[in-house]
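Colleague: I have not looked at this one before. Can you walk me through it?

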Amino acid sequence: MAIPFAVNIPFVTVLGAELQRYEGGQAELTLQLREDAHTNSFGVAHGGVLMTLLDVVMAHAARSIHRHLPDGGPGLVTLEMKTSFMRPGLGLLTAHGSILHSTAKLAFCEGRVLGGDGELCAHATATFKFLRALPISGKEARPAAKPILQGPGSD
């Protein structure tokens, strides 16, 4: 059963990914691949979809170690990501992310995407920087968007 994302990420909402786990330096996402929205010209998961899943699942793994802090702790940004594609992604894609090492300012993570057959489709490593806010223009800083809670009483 899906749980709310740590922060509101409009692109991920439109993509249709769902957060399944988010705790203890680990995270898991799922995405039911849709031919009309998520595939490349070969009819398999587009590399950008796989990379998005990897980026988001690793970022959530990194955020999970601070979720007990006010507002869920600091946000983060991706500094770098290296991705390897092993085989085509089909069916229900499952992305797993975990922290390899973290410091006060950085998190080093690993992620994997499995296809509906349980086989490894893509693997990535990434470095993230923890931030309280992101400077977007001049001296203005913008904090991470809070999650949009769904369900009873969330109107």
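Modeller: We can go from the overall fold to the core and then to one serine.

Modeller: This is a predicted model, where local features need pLDDT of at least 70, side-chain atom pairs count only at pLDDT 80 or more, and totals for chains, interfaces and linings use all residues. Residues are numbered from 1 along each chain as its sequence is written, and side-chain values use heavy atoms, with hydrogens and water left out.

Colleague: How many helices and strands does the protein chain have?

Modeller: There are 2 helices and 8 strands, in the order α-β-β-α-β-β-β-β-β-β along the sequence. Both are DSSP runs numbered from the N terminus: helices are H or I with at least four residues, strands E with at least two.

Colleague: What share of the residues is buried?

Modeller: Buried residues are 40% of the 155 in the protein chain. Buried means under 20% relative accessible area (1.4 Å probe, protein chains only).

Colleague: Which residues touch the most other members of the largest nonpolar core?

Modeller: Leu29, Leu53, Met58, Leu93 and Phe128, out of 34 residues. Such a core is a set of buried Ala, Val, Leu, Ile, Met, Phe, Trp, Tyr and Cys residues joined through side-chain atoms within 4.5 Å. Helix α2 (47-64) is among the elements giving two or more residues, and α2 gives the most, with 10.

Colleague: Switching to serine 64: where is it found?

Modeller: Serine 64 is in helix α2.

Colleague: Buried or exposed?

Modeller: Serine 64 counts as buried because its relative accessible area is 5%. Leaving out residues up to four places away in sequence, serine 64 touches Tyr22, Glu23, Gly24, Gly25 and Gln26, where contact means heavy atoms within 4.5 Å.

Terms used
Buried < 20%, exposed > 50% of the residue type's maximum accessible area, 1.4 Å probe, protein only.
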